[in-house]
Amino acid sequence: MRTIEMIGDVVKMIDQRKLPRQFEIVECRDYRAVAHAIKDMTIRGAPAIGAAAAFGLALAAIEARATSREEFLRDLDAAEKILRATRPTAVNLMWALDRVMNATRAQNLDAHGLRDFVVALAQTIAEEDVAINTAMAQNGAALIEDGDTILHHCNTGPLATVDVGTALGCIIQAHRQGKRVHVLVDETRPRLQGARLTAWELMQYGVPMTLIADNAAGHYLRKGVVKKCFVGSDRVAANGDVANKIGTYKVAVVAHENGIPFYAVMPTSTIDLNLAHGDLIEIEERDAREVTHIEGVPIAPDGVRVGNPAFDVTPHKYITALVTERGVVRPPFVENLARVMRAVK
Ligand code: MRU
């Protein structure tokens, strides 16, 4: 099934906290449940949480008892605020909420008409995500050569999107094209998206892979084993700086030092031209227990002080190219990102 879908008035999503041990579907029947699922990472990955936010608004629209247009928009606004406050870094969340809210306000419809409009637009956003990822997978696969060993960080597969994936989507597509690829999968502490989700997805697709500890990445990059690095992104600033899962920066610097191409893959909805550079991106700080515990088992002394930023920023000078559904964007990023975004409706 898709990572997330809305059938009738129920939003169904794969529970990403339980994989790979259990495959469970969570059903959300109101927008608060969707907000909770985004916050506790039942659903995660930048494009997937964008789609979840849109479906959250769709549930709020169905739930609204408003009879007038004004009341309906007030109800939708209240839900939007709760959904917006769930996670701060991935701009796809805000992008989806803004798209639904702006388009809805622009409709000259009564409450009933607006309700149908919001539900239909949420479905469109989810469908578009699949088409966009399919185009990105084609564009990124063209950068992958037969025989490449690719280092990958975090999870950017179908689970991080509605379907297909971003960086991992490119790798899976190259494999489907018959190219012999091998993926070194970073485990991605603290939440282990690499070990739990990426390894599981690649094994489902039969893509050859080796799971490595995060600390082993530098070793493989220096040894000349790795030919390319592929990662996703949660937000790209106007100058091409990339916010992505914590640990991405370290991989990019070591790749650069060793002359290895470093590609970040994202839909244009992840590009935020409102921010001049990456230091303006808000970095989510998550619960200390993600660091002090593994699967509920404590691994550090009680009461230890913890820092747990969920993302870091990779300066654009370490990035070879950004892969989008509209093509591969190379430096100078300020000019080339602006040109690509002008073409987006
Ligand atoms: O905290 P997460 O698991 O939501 O973070 C996800 C990532 O950092 C992914 O690499 C990212 O969303 C980009 S590609 C879908």
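Q: Which residue's side chain meets Glu63 in a salt bridge?
A: Side chains of opposite charge can pair when their charged atoms come close. In this predicted model, the N to O distance for the pair is 3.1 Å, which is within the 4 Å cut-off for a salt bridge. The partner of Glu63 is Arg32.

Q: Is Arg32 buried, partly exposed or exposed?
A: The relative accessible area of Arg32 is 43%. Buried means under 20% and exposed means over 50%, so Arg32 is partly exposed.

Q: In which helix does the salt-bridge partner of Asp77 lie?
A: Asp77 forms a salt bridge with Arg105, and their closest N and O atoms are 3.0 Å apart. Asp77 itself lies in helix H3 (residues 69–84). Arg105 lies in helix H4 (residues 91–105).

Q: Which strand holds the residue that meets Glu27 in a salt bridge?
A: The side chain of Glu27 meets that of Lys12, at 3.7 Å from N to O. This pair links distant parts of the chain, 15 residues apart, with Glu27 in strand E3 (residues 25–28). Lys12 is in strand E2 (residues 10–14).

Q: How many salt bridges does the structure hold?
A: Besides the pairs above, there is a network of salt bridges linking Asp15, Arg17, Lys18, Glu24 and Asp40. For the structure, the number of salt bridges is 21.

Conventions:
Residues are numbered from 1 along each chain as its sequence is written. This is a predicted model: local features need pLDDT of at least 70, side-chain atom pairs count only at pLDDT 80 or more; totals for chains, interfaces and linings use all residues. Side-chain values use heavy atoms; hydrogens and water are left out. Helices (H or I, at least four residues) and strands (E, at least two) are DSSP runs, numbered from the N terminus. Buried means under 20% relative accessible area, exposed over 50%, partly exposed in between (1.4 Å probe, protein chains only).
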